[in-house]
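Me: Hi! I have a structure open and would like to go through some local details with you. Could you take a look?

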Amino acid sequence: MTPVAFIGLRAPACGQPPLPPPATWQHGRVTAATHSTLFPQAPDSADAVLEGLDPEQREVATALHGPVCVLAGAGTGKTRAITHRIAYGVRAGVLQPSSVLAVTFTNRAAGEMRGRLRQLGAQGVQARTFHSAALRQLQYFWPKAIGGAMPRLVDRKIQLVADAAAACRIRLDRGELRDVTAEIEWSKVTRTVPADYALAAAKAGREAPRDPAEIAQLYSVYEDLKRDRAVIDFEDVLLLTVGILQDRHDVAEQVRTQYQHFVVDEYQDVSPLQQRLLELWLGDRDTLCVVGDASQTIYSFTGATPDHLLDFRVRHPGATVVRLVRDYRSTPQVVHLANGLLAQARGRAADHRLELVSQRPSGPEPVFTEHTDEPAEAEGAARRIRELIDAGVPTSEIAVLFRTNAQSETYEQALADVGIPYQLRGAERFFDRPEVRRAGIALRAASRFGGNDSLLADAVDLPSQVRAVLSGEGWTPQPPAGSGAVRERWESLAALVNLAQDFAAARPEATLADLVAELDERAGAQHAPTVQGVTLASLHSAKGLEWDAVFLVGVAEGMMPITYARTDAQIEEERRLLYVGVTRARERLHVSWALSRSPGGRPNRRPSRFLEGLRRGASTAGAGRTGSGGAVVDRGHPTGGGAPDSAVPRRQRRTPARCRVCGRTLTDAGEMKLMRCEDCPSDMDEGLYERLRAWRAEQAQRSGQPAFCVFTDRTLIAIAEAVPDDERELSRIPGVGARKLGRYGAEVLALCAGRDPGEDAGEASSEDRDAS
């Protein structure tokens, strides 16, 4: 039996109407739409499907014949337009649901399309990623076209690459392994064989991480190892499907008989291999609708190219072309900045840029802030985020976006220091989490046998039933004092509790079985409920998402554009990446950069060239000045930007952080926290560390907040290593600011001296506890 909490899609009982689907897909978000009913009924006619569409979206929806190209800017409702097009065609009897194949690039996007189509009453339409659709076909046709059992699909190819390197007697460190793996993936999606790699890489302007001849050798041996071990990788899924469709005309005709109408989302990201697969699916037909925006091409390093989108009219001279430029996501101020970024762009994609027109009321101006160093920048962001939360903005509607994943730790630390919960984008999918799978099993069992369950004896409605069941899985009315995995598990269960409340509010008659069916649908679509917490994400992983408030951090030369972007094409892709980041914001946008990486470092950085002309006045000290386009320029003070805030203490002038063991200058946030290199030996007093942990747990329980809000693990390690004698020494430890020094300093120093903290400091006053 498959160990999955939510298995399959439950059909309604015979003669019963279909279950109403959730309508939380309205604006292309993974969180609930703020201006739509959570679980609305499907439109009752084809014409009703068109209601609420603007003129251009309606033009897309009613263009059901021949090739169609939709050029859709960020926030213009492209997914809404194409899903309504499919639904309108189905409801009008022009399209048969089973004959439509809609493809996109991520499981989340495919799930979103399925959810919207279900909401519109267009069940039966296949919405999949390229890989998912190809894999289904490969599995079905393998016995007929190849014979025997299909090779096993490997989840991660990096170990095979490592084995290939060992066979070639080539030593690769962890970073080189990733880079070589990426080169192999690029080669395969661009249909480049090992012998042609060096020439193809040079022609594409790629900077190979190793000698091209070595990579070609590794690529060749990697392919040999796969054959020897009877395994295939994800790129092989596309390659083998293409091979079968090219060689077996009977198989190709069977596929074309099944699928007669195709829709491709994010068409600017199609690789040559995916384009070839699409051509084989189509055959000599032109029943194709593509949607894309050349200004959002940010994955060329994986083989994606906007050329197929830009050349669509060349390949299909009679195509209907519709441009969507009405931006429903962002305020005029955010849209003005986004348009300004693209106005300076160069190259072919820039020649086809779309100028957005905001449809939203006016909002605050974007804020540009300069900081002395990266930790100060992170503290400034945390301060502003705290202000937004205090003003009522949900944490799930705030995001911090950065260029590289390595920047994450500094912001994790800054948010933890002021007690702001966060979640990392790109972590394990919600419905794949062990606690969610167990919760699903428990809810399913309760829906079947709940009459005999004493847990449900006092549960009077659906939300109370769910709370009763999940209490047995670890959910509690109050969040746990701990952090890390304990808190994450609780957040997952709390998200299910909140979903049950929303579901019951929309359908008062709903039963536990109805909720389980709804979870089945969401699991199949990977439509997760909202988990509270500020989102930390790279700009690449933020594509397709949006938030009320977005903090674009590290927008300095060397990071944006990234140092290794040297060619004009690479620089322009970096500009488009920043454009994607800007257009994630609905209302509030904060753009910041640091003059140096580490405290006390040389202030030799400058803001990104992409901001030139968009933030005039930035060199003038003081907040509240207005630059071009009305953008507010804020000269962040040494502690991290903006006006001082009592919740985040002002720091003293920074000096370079140096390892207290070897003396090397520290630049990594984690190493600066410990004041030593990661590889240098630790002299931690383990007994003191355990006493500090026990004390921290008591403080967290007393104040009703997560333990990391008192002190993070790294701060406790640093204290246990330094064993400070007085407040001056304790204050030098990163993570111990003036506020925490005043609140906890006496007790921490007592612990360091081997005394009971109650002897010196006494219990924290009720005033302190309330303030925390």
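Reply: Happy to; below we go through cysteines, backbone geometry, a contact and a surface patch. Bear in mind that this is a predicted model.

Me: Cysteines to start with. How many disulfides does the count come to?

Reply: The count comes to 0 disulfides.

Me: Good to know. Switching to the backbone: which peptide bond is cis, the one from M560 to P561 being my guess?

Reply: Good guess. The bond from M560 to P561 is cis, and its omega is near 5°. Most peptide bonds are trans.

Me: Where does P561 sit?

Reply: P561 is in the loop between strand β15 (547-552) and helix α23 (568-582).

Me: What about phi at R169?

Reply: R169 has a positive phi, about 60°, although it is not a glycine. In general, most residues other than glycine have a negative phi. R169 belongs to the loop between α6 (158-167) and α7 (174-189), and it is exposed, with a relative accessible area of 80%.

Me: And what is phi at R191?

Reply: R191 is not a glycine either, and its phi is positive at about 60°. You'll find R191 in the loop between α7 and α8 (197-204). R191 is partly exposed, at 44% relative accessible area.

Me: New topic: S596. Where is it, and is it buried or exposed?

Reply: S596 is in strand β16, which covers residues 585-596. With 3% relative accessibility, S596 counts as buried.

Me: How far is the C-alpha of S596 from that of E374?

Reply: The two C-alpha atoms are separated by 6.8 Å, while S596 and E374 are 222 residues apart along the chain.

Me: Last one, the surface. Which residues form the negative patch?

Reply: D725, D726, E727 and E729 form it. E729 is part of helix α27, residues 727-731.

Me: How accessible is E729?

Reply: E729 is partly exposed, with a relative accessible area of 33%.

Terms used: Residues numbered from 1 in each chain as written. Predicted model: local features only at pLDDT ≥ 70, side-chain atom pairs only at ≥ 80, totals over all residues. Heavy atoms only, no water. Patch = residues over 30% accessible without salt bridge, like charges linked within 9 Å, V, L, I, M, F, W, Y side chains within 5 Å. Areas by Shrake-Rupley, 256 points an atom, 1.4 Å probe, with all protein chains shown as cover. Salt bridge = Lys/Arg side-chain N within 4 Å of Asp/Glu carboxyl O. Lys, Arg positive; Asp, Glu negative; His and termini not counted. Charge placed at Lys NZ, Arg CZ, Asp CG, Glu CD. Helix = DSSP H or I, 4+ residues; strand = E, 2+ residues; numbered from the N terminus. Buried < 20%, exposed > 50% of the residue type's maximum accessible area, 1.4 Å probe, protein only. Disulfide = S-S within 2.5 Å.
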